[in-house]
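Here are some friendly notes to read alongside the model. Please keep the structure open as you go through the points.

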Amino acid sequence: MSHPIDREESAGYDRHVLSYIRHAAASGLYDIRGMGAKRAVPSFDDLVFLTASASRYPLEGYRERCESKTVLGTRVAKQPIELDIPITIAGMSFGSLSANVKEALGRAATEVGTSTTTGDGGMTPEERESSKTLVYQCLPSRYGFNPDDLRKADAIEMVIGQGAKPGGGGMLLGQKINARVAEMRTLPEGIDQRSACRHPDWTGPDDLRIKIEELREITDWRVPIYVKMGATRVREDVKLAVKAGADVVVIDGMQGGTAATQQVFIEHAGIPTLAALPLAVQALEEMNVLGEVQLIISGGIRTGADVAKALALGADAVALGQAVLIALGCNHDTYQLHGEEIDAVEDYMRLGTAAGYCHHCHTGMCPVGITTQDAELERRLTPEVGAKRLRNYLQVLNMELTTLARACGKSNVHHLEREDLVALTIEAAAMAKVPLAGTDWIPGQT
Amino acid sequence: MGRTEQLDLSKISVREANQFLHGLQNGEVACVEILQPDGLHSIAAGLDCEVAVEIRGHAGYFIAGMNKRATVTVHGNVGWSVAENIMSGEVRVKGHASESAGASGHGGLLVIEGDASSRCGISLKGGEIVVGGSVGHFSAFMAQAGTLVVCGDAGPNLGDSLYEATIYVRGAIHSLGADALEEEMTADDHAEVARLLAAAGIDYDAREFKRVASARSLYHWNADADQEY
């Protein structure tokens, strides 16, 4: 007679862990994948707005204006960035994304009045031409980095790290290094490219201050300089970035995505965006630069509600990566070719996955033509189609943002404040430093 | 023949000096002398015209950073990252250079007449560097393309994780880094070293140099390579 314990799955050694150990034992290699953390972490979903009622009055939803204009880089630069919406597009490289996609990002961003950002592969002519406002990343690899493109940029983002792999460098596997990518990165075609995690010409925060000054000298102090970091020791890191002279600090929480990195990094390094944001704001307050140095938050921002909550907690703007790719068609079971919807199910199957679960950006075999350098696959998403989808999506986010702001009685989305929020869980209350709903309790504070 | 200008950094800021240099057109000024550099940073950064810049004294970090076309000479020592990301032209340091000299340089020639510290030529992307003296540890780390010539000795982990750059060393090599390999010098190598020494104005016999290049065992993701990914 069988005993129930004979068929009881171990919590510590469940099917996922068994599979992980067997795969490691068989291959001798750790897993590399794209996208962001899949585990559940406290997030903006755990917060809700206390919109207007008798004690506050709302703005008329369809009649009264709610401003979303956003200005970034007011500290030092002669030409700060002026955006129509506080929703920007995060750095994603040509190499990880196709040239068509980079162009689509630029077109959509320009249409809705926001910025897009280069990535670990330099600036392509397509994205410069299509982007009214383009942020040029300065990464440890310095692939394709040059003074001509630097001077064409509207802002410079010094990348110290990103949420998916704080402390780790870039990775682009050989199947995505085609002739054009190889030439831009000065690498042989088809090799696995592992870019550095430390900058080649500076190391600590004291050096960073001098490096930022050099970039300002080269660009005649014209454009703002952002400093982007993965969310780990946020309070200390933000203070060091401010001390180093950053005009804008960008904090990328652990839900942030990547085109390729070690799975162990994605799931086990960094802190959730929800926890990172209040720490960053606190650091700016303690440095007395709130309002002088702007803060962009990223990592798992998907909806207008996420944007509104981020702004209420003190961000000046947000940056989106994965959500942008989803808007373009990532993980969809069809793609559009010559106006027809074509089934991509078999392409997903060839990768051993299915629409809705895919994280195979690192393979370059993207079934919907987004994270690829394969000419055939790239045709599956044209700049026109991609730009239209993304423009619609960004428009919806801003409409949702202003809807919530109006309902909170705000005529400007930047007037949203911490007092407008409560948390649904104790964890979220502690991280966001807002009261647990129905109480005055902020764990750790009251 | 253009004129010569003098900029005294005890009287004007680096920012004012650089803005003057950035405004120059080819041939407008033949030579700009920078006086009293006194360890200041980012002098002559971001130049993009054919002009000779003579820096009279010791200078700080990021001297002649991202240089294009200009010929910059430092009559003294420099701090970190001289000629970082150099694209073209020539940068010459008459004294010694601190860390990361010529980091990520895409083109042009960097000459350090004295010694260079660690990570000289790190992440090199096509530039050429000639060091009259010795270089410190991890020089040419992850260098992708271009050439580093070291007339003295090389410190530990030379050429770690090299891609397609080539290193020539005349003196002793303390140790090679991961995936770096000492190879036979060919006639082409001798000619290349002789060309670079001549360009640098340094007189050694090219036959005294050793060649270090990538073993290319890290080019593809595999479990058997002796490495830490």
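1. Val91(B) has Leu110(B) of E6(B) as its bridge partner. On the other hand, Leu110(B) also stands opposite Ile129(B) in E7(B). Helices (H or I, at least four residues) and strands (E, at least two) are DSSP runs, numbered from the N terminus.

2. A word on the source: this is a predicted model, in which local features need pLDDT of at least 70 and side-chain atom pairs count only at pLDDT 80 or more, while totals for chains, interfaces and linings use all residues. Residues are numbered from 1 along each chain as its sequence is written, and chains are lettered from A and ligands numbered from 1 in the order in which they are written.

3. How is E6(B) joined to strand E5 (residues 90-93) of chain B? The two run parallel, with 4 bridges between them. E6(B) also runs parallel to strand E7 (residues 125-131) of chain B, again through 4 bridges. Two strands pair if DSSP finds at least two bridges between them.

4. Strand E6 (residues 109-112) of chain B is covered on both faces. Leu109(B) and Val111(B) are buried on one side, and Leu110(B) and Ile112(B) are buried on the other. Here, buried means 20 or more other C-beta atoms within 10 Å of a residue's own, exposed means 12 or fewer, and partly exposed lies in between; C-beta atoms are placed from the backbone.

5. Staying in chain B, please look at Asp179(B), which has a positive phi near 75 degrees without being a glycine. Asp179(B) sits in the loop between strand E9 (166-169) and strand E10 (180-183). Asp179(B) counts as buried because it has 21 C-beta neighbours inside 10 Å.

6. In chain A, H9(A) has 14 residues and spans 20 Å from first C-alpha to last, close to the 20 Å expected at 1.5 Å a residue. The expected span is 1.5 Å times one less than the number of residues. Among the buried residues of H9(A) are Leu274(A), Leu277(A), Val281(A) and Leu284(A). Their cover includes helix H7 (234-243) and helix H15 (426-432) of chain A, where contact means C-beta atoms, placed from the backbone, within 7 Å.

7. Just after H9(A) comes Asn288(A), with a positive phi of about 60 degrees. The loop holding Asn288(A) leads from helix H9 (273-286) to strand E14 (294-298) of chain A. Is Asn288(A) buried or exposed? Asn288(A) counts as exposed, because it has 9 C-beta neighbours inside 10 Å.

Note on methods
Contact = placed C-beta atoms within 7 Å.
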